[in-house]
Amino acid sequence: MIRKTWLVLCSLVCVVMAAQGQQGGIRGNVGDLDFEVPLTGVKVRISETGQEVESGEGGGYFLEAVDPGSYTLLFSKAGYTRLTRPGVVVSPGQLAEIDVSLAGEYEEMDELVVRDIQLGGASEIGLLNLRMESSAMMDSIGADLMSRAAVSDAAQALTLVPGTTIQDGKYAVVRGLPDRYVNSQMNSVRLPTADPDKRAVQLDQFPSVMIESVQVSKTFMPDQQGDASGGAVNIVLKGIPDEAVLKFSVGTKYKTTVADAGKNFLVDAGVDMSPLGHDAGDMAAASVSSPWAGRFGVSRDRAPTMVDWSITAGDKIEFDSGVKLGFVGSFFYKRDASYVEGGVDDKYWIDQDSPTPNKLTPYTSGGSAWRSYSGQQVPSWGEEINTSLYDVTKGTEELQWGTLGAVGAEIENHSLTLLYSYNFSAESTARLAEDTRGKYYFFPDYNPADPTSQGGADSRWPRAGRDYSLYAPFRRSESLEYVEREADSLQLRGDHTFPVGDKSLGSVITFKDPELDWTVARSGSKMDTPDRRTMDTYWYVNEDGQAQHSFYEDDGGITLLLRKWREVDETSSQYFTNLKLPFAAWNDEEGYLKFGVFDDRVDRSYDEDSFYTTQNLGNYVADWNAYWGDTISSQPIRMQDYPLDVSYDGEQNISAWYYMAELPLASFLKLTGGARMEKTEIATSMRDVDAKTQLYIPSNNYGELNFQGNEHLANVSLQQDDVLPALGLEFTPHEKVIIRASYAETVARMTFKELTPIQQVDNVGDDIFIGNPALRMSSLKNYDLRFDYNPYPGGLVSFSWFMKQIDDPIDYRQVLLGGSTLATTADNYNDGLINGYEVEIRQSLGAWWRPLEGLDIGGNLTLIESEIDASGAETDSLSDAIIAAEYNSDLTRDMMGAPEYLYNLNASYAVPKLGTEVSLFYTVKGDALKAAGTQEDGNYIPNVYETEYATLNLSLSQKFADRWKFGFKAKNLLNPEVETVYRSNYTGEEVVKTSYRKGIEFSVGLSGTW
């Protein structure tokens, strides 16, 4: 598949390089609106290229030698109101006729414009110009393309950016580097996150209706933040319009999986999702001094209705005093749902005692699965083991709403912008997982109706009369979870130009007017998960033929009927300012000096409160197909506090200052460089811990310590100063060709969770995670080279190479805690390396053959090679045979989360006269390592990989009656199986670990603009 893609892309390159489309032109007449006479001396300028002429004696003008493309014309003359005419299309060898009339002003004044918050706009031509002018290597996607590609949020938008993908549907991965190496911003303001496990921002909470563009800077420059190693993702919100606008849209959708569920949609009957979300405060924990009631177990009901709507209004007001004010307000609302049926969630390993010791068999817990009998390995009688071969059904009801407001004011040389955004999202999820395949794996002829069948209470095989009823019994896990997420940001920005006049330093440099920008921001992120309920039961038939459901009990009689409250709240106070000193050099080329300071102070509070019961809940006598949830929900249950809950406060302070310069060595050669001095302070402090609680602390060699008297071992503080240099070279051998090269050093930080040296459990009975206070920050050396060919506005051919050398990369490994308890911890590995290539093509086919006018195609391909030195703790527990099979000769393996390749293909066809546009987008993500293999008591769990999958989206829009647009979108038309697999060279096989299908989605929408 990659080879075919290479051939397609190379063919497109040849076509573009060979096709030198004919140039066209723009002509027309300019008149006075009130007196209907021609106007002379009107400046007519093409915004995208800067080409400019003035109208002649008869009001006529002519812009010649214009490359094919879509442009914005600006008409201006002293004493007249400036006019903007967007969407002027120039065809090869054709003249576009544009006639306009200007309205007179009562008094002559300089033009004043409320500066738009957006950087580069939403059009692909504008964003491409921004890419070509940026000192860093940048890629971006605008609102126009997001709409055509049928993406609904910032996370989905990133999948269209070359070399960028999404992990777990939320987190940005840039050039194979996951969340800790990617910096997420909104209007250049660093965002906090309430994710309990990561420092990464959950990008799915920012809807596309509020976004002007998503920009990804792939190389570091000193005016960027020092942890933008993979890249800096900047979500640019919609800004103040140039003229009055009112837009309303409404839509609905149909999902095949949700429709198939119908009245059997899985729901949490204990949560009533109101129009603005369920009030999490109503789900507060009760007192443990009295019995509790509450819904346990999943229910079924009609699938929810899916609808979305939004409204946006904005305007610009002019005053006689020379002040202009502008504003924009937007509100969006969405109800959505998703459904998974037939999903798989399995665990396998290599059991050395099994009949096939070099093949994957179901993972078992609770005892030894096999024993030798009559010369063969058979299921071990007398043992009670559990498998984890789950068939999964999941229903999710989603709600999202939010608002954006901004006001701006400008006088000559100065502007202020105040912006506030708020996003709320809620998800109510009911998940049902059932394991029946474990029993049939060990006993293929098991018959629940016959206790004497294989695997029964009075089994005849492998040893007659033995009780195998609790050997891999049928299992059912039901979980109900409601999650609220909130994100808000208040930002005040100022832009100033100081008209001090030219200041010359001899004949070498002439400084122009200094420019200063500053931003003060207060941002917050909150994640509230109240009353997460889990219910784990098993089912068996005794020797009397009685079928019954029972609860599992953990150590100490803890029944796996659990309730948990968790709240993560994080706030960020941030300011930064940049002073730019532009100058004209000795060769009349433009350059600049730039200085700045940055400060970001993040405070996090993490609170959790878990409850369990040791109450004897008895058995539920019923067939397997009956559910126990209704009975348990009506039964008073006495709950107890879980003593190992983790609550802590975290603080991260990042302060920096930088200097940089752009020096034009010649008209075709530019040098950019400088350094950033950055200071990092990270600290965590435990609170609300039972003094008698014993916690695992790594400084005690993973042994248990009482918290009381050892608090200093559980609290962590880290401080580090870094000097981060960067150097870039830009070579322009032709006006349409730019070659860039850069070198930069960056850092990557650990999370609060990874530093805190105590036992952390998401839910009672889940896997244990232990932080490591000895973690060191990672450092990276970044090398980049890019060739860009811009044959005409909107056209692009680009080739890139990048390499990242990582010292002390942070990754996860598993450790054994004194006995046989397996836990995960974070550690520094020796080094890592990422090496990759990117190819991107954008082409308007009408630029070289007129019959194809309106047809645009594009594609990009990223190939990634990654490796990490896993020698040491990860490989110490593995056998020589496994190491030889699974690792390279130098004990390296793939880096986690880095896909082998990514590529996107897209095509759109527009007929402006009819207002019709059709677009098709095809996106593929290659295999990526999700978890490295490990060995437990001689049993080996192989590497887990996410496998390749592709998505195909179609969109159609039709304008009518001038102001209205109808849209139709079809998403995920291929409906691929999204899988992770156990992949092992040691066993030579591949076994599915998780699998599900998202289903196909169809949506329709109507929008009107006034």
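Okay, let's start with the open sheet: five strands in the order β9-β14-β15-β12-β13, with mixed pairing. A quick word on terms: strands here are DSSP runs of E with at least two residues, helices are runs of H or I with at least four residues, and both are numbered from the N terminus. Two strands count as paired if DSSP finds at least two bridges between them. Now, which strands stand at the edges of this sheet? They are β9 (138–142) and β13 (189–190), and each has a single partner strand, so one side of each is left without a neighbour in the sheet.

Before I go on, this is a predicted model, where local features need pLDDT of at least 70 and side-chain atom pairs count only at pLDDT 80 or more, while totals for chains, interfaces and linings use all residues. Residues are numbered from 1 along each chain as its sequence is written, and side-chain values use heavy atoms, with hydrogens and water left out.

Back to the sheet. β9 pairs with β14 (residues 211–217) in the antiparallel sense, over five bridges. If you want a spot to look at, find Ser140, which sits opposite Gln215 in β14. Then there's β15 (residues 231–237), which holds Leu237. Is Leu237 buried or exposed? Its relative accessibility is 3%, so it counts as buried; the cut-offs are under 20% relative accessible area for buried, over 50% for exposed, and partly exposed in between, with a 1.4 Å probe and protein chains only. Leu237 and Glu212 are 25 residues apart along the chain, yet their C-alpha atoms are separated by 5.1 Å.

Next, follow the chain to β19 (residues 307–318). It is joined to β16 (residues 245–255) by eight bridges, and the two run antiparallel. Gly251 has Asp308 in β19 as its bridge partner. β19 also runs antiparallel to β20 (residues 324–346), with 12 bridges between them. There, Glu318 stands opposite Lys324 in β20.

Now jump to β51, residues 855–869. Here 11 of the 15 residues are buried, so the strand is largely enclosed by the rest of the structure.

Let's zoom out. The chain has 11 helices and 63 strands. Its radius of gyration is 31 Å, close to the 30 Å that the globule rule gives for 1010 residues, so it is as compact as a globular protein of that length. That radius is taken over C-alpha atoms, and the rule is 2.2 Å times the number of residues to the power 0.38. The C-alpha atoms fill a box of roughly 110 × 60 × 60 Å along the principal axes.

How much of the chain is buried? Buried residues make up 55% of the 1010. And for contacts (heavy atoms within 4.5 Å) between residues at least 6 apart in sequence, 72% join residues at least 24 apart.
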